[in-house]
Amino acid sequence: MIIRARLIFSDRLPDLTSLVAVFSLLPFGGSLPAQPVDRYSLPLDREAPRGVQTVRYSVGNGRPDEISVLPRHLAFAKYQGEDGADDTAEEKKLGRYDFYKPGNTPDDGAVALLPKNKSTSAAVELFEIPKGSSKPEEETASYCTSIRKTSKDLAKFKQTDNAFTTTNTAAILGYYHVSRALGDICEIQPAILRTMDIEQHKKVVKLAADLGIGGTVRKSWNLFNKYYANPKASSVAASLFTNDFQQIYGALLKNTRGEEHYDEWLRAGNNLSSVQAFRNMADSRPVAAILGSSQFTPKNVQALVGMRDMSELILLDYLLAQSDRLTGGNISDFDVVYYLQDNQVKHSRKVDSVPPGATQVSVKKLTIVDTDAGLVNQNVFEQKGYLNQICHLHPDTYNRLLDFAQRWKTDPEVKAFFHQECTFSNGQLARFEKDLLTAAAIMQSRRNAGKLLLDLDLDEFFKSVHS
């Protein structure tokens, strides 16, 4: 009996009251019913059912196959393309990349693997094989140098690393699906779950040393030698390794193209409230009063787009407990053309796609490229109280936030989705739940008190222009 009690109470000797309470539930001579095994707890179980398809890649030498998982989609979310077709296509493209397959195009799965050489956190960068060449049996430092100069990066494999930097697999996967749940906001790129053989990853770690990569990212690369010395006893045993400790896992995400540092926002440092878009967003007056006119001008369009970008950046980073957005270089933008057509405001990154004669303006639009520093450290946006300063929000974003929170409370499949597809630990699920329900309550309270205006719909604002 004492042995059974010690198992129940996780090797702490229970007090008498606790023992009586437990044993009173047991039939004479019986035992506690077996608890269901959570196959989605960490370290990662590669064979746990996930997604709509698991793609396998042969490693050789008797090592287990690596996998990637093409994820399920949240039924209520807004994925890109008709019925999410565009996001699905990008996920499948990511799933085709085979780290070891010989060949000469990404279409047949062949990619070059390079160690990330800039910024802070270690990652494996996937580069296109240059036309007219084939991938060598094994990448060398000279080959990596040549590829980086002549080819383009396609994707990154980023894994948890929270010693010198803040990189978290669950955050990367979470940002993708949460952005779609809120209506496809902040231009987040698709990402899928991916594993990599430890012995193969060691070669990339060695390449980082051979290339003489320095700075903080070098410290991040060097950590893997420590982790691999004794994976089971390492500080990242659960958040980096698969449960057989023969592979690591991470997120494989599409590379963003054509983005630049959002200089105006980055100059604010860790005080976003000094940015004009923030001041507009925190202005309690109706947006028409803030802008002064409803003309379809670059100034007005930029102001509206900036207000929406700012409010949605704050909301998304609050939900995912972002800790690294304001520490330098982690806010990006690209140029977008907005134009009037068929009584709607449309936009495109390609100028030549705008119909001839259409009224058009070019503005800067936010894109969040860095999505890995969430759910593990302090929530900077909570600390700064930015959420309570949002006075303007897009109506679809607001409605989707409330719907998301309600579904989280009433539909257990929503929580299970983030546990299974995004590798949220139980602790991360609890943290995200708190932030999601708090954000929904704050926005609804501000809306009911007349402090939140849902007036950032460009079609609605400019309807007098194109009516």
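Tutor: Asp-210 is partly exposed, with a relative accessible area of 45%; with a 1.4 Å probe and protein chains only, buried means under 20%, exposed over 50%, and partly exposed in between. This is a predicted model, in which local features need pLDDT of at least 70 and side-chain atom pairs count only at pLDDT 80 or more, while totals for chains, interfaces and linings use all residues. Residues are numbered from 1 along each chain as its sequence is written, and side-chain values use heavy atoms, with hydrogens and water left out.

The partner of Asp-210 is Lys-206, and the closest N and O atoms of this salt bridge are 2.9 Å apart. The term salt bridge requires a side-chain nitrogen of Lys or Arg within 4 Å of a carboxyl oxygen of Asp or Glu. Both residues belong to helix H6 (residues 198-210), where four residues, about one turn of the helix, separate them. Helices (H or I, at least four residues) and strands (E, at least two) are DSSP runs, numbered from the N terminus. Lys-206 counts as exposed because its relative accessible area is 51%.

Across the whole structure, a search finds 29 salt bridges. One of them joins Lys-364 to Asp-335, with the closest N and O atoms 3.7 Å apart. This pair links distant parts of the chain, with Lys-364 in strand E11 (residues 360-367) and Asp-335 in strand E9 (residues 332-341), 29 residues apart. Lys-364 is partly exposed at 31% relative accessible area, and Asp-335 is also partly exposed, at 45%.

Glu-382 forms a salt bridge with Lys-434, and here the closest N and O atoms are 3.5 Å apart. Distant parts of the chain are again linked: Glu-382 lies in helix H13 (residues 380-383) and Lys-434 in helix H16, 52 residues apart. Glu-382 is partly exposed at 38% relative accessibility, and Lys-434 is partly exposed at 42%. Elsewhere, salt bridges that share partners join Asp-87, Arg-180 and Asp-184 into one network.

Helix H16 (residues 426-448) also packs against helix H12 (residues 298-319), at an angle of about 145° and with the axes 8 Å apart. The axes are lines fitted to C-alpha atoms, for helices over the stretch in contact, and angles run from 0 to 180 degrees between N-to-C directions. Leu-315, Tyr-318 and Leu-319 of H12 meet Phe-432, Asp-435, Leu-436, Thr-438 and Ala-439 of H16, where contact means heavy atoms within 4.5 Å.
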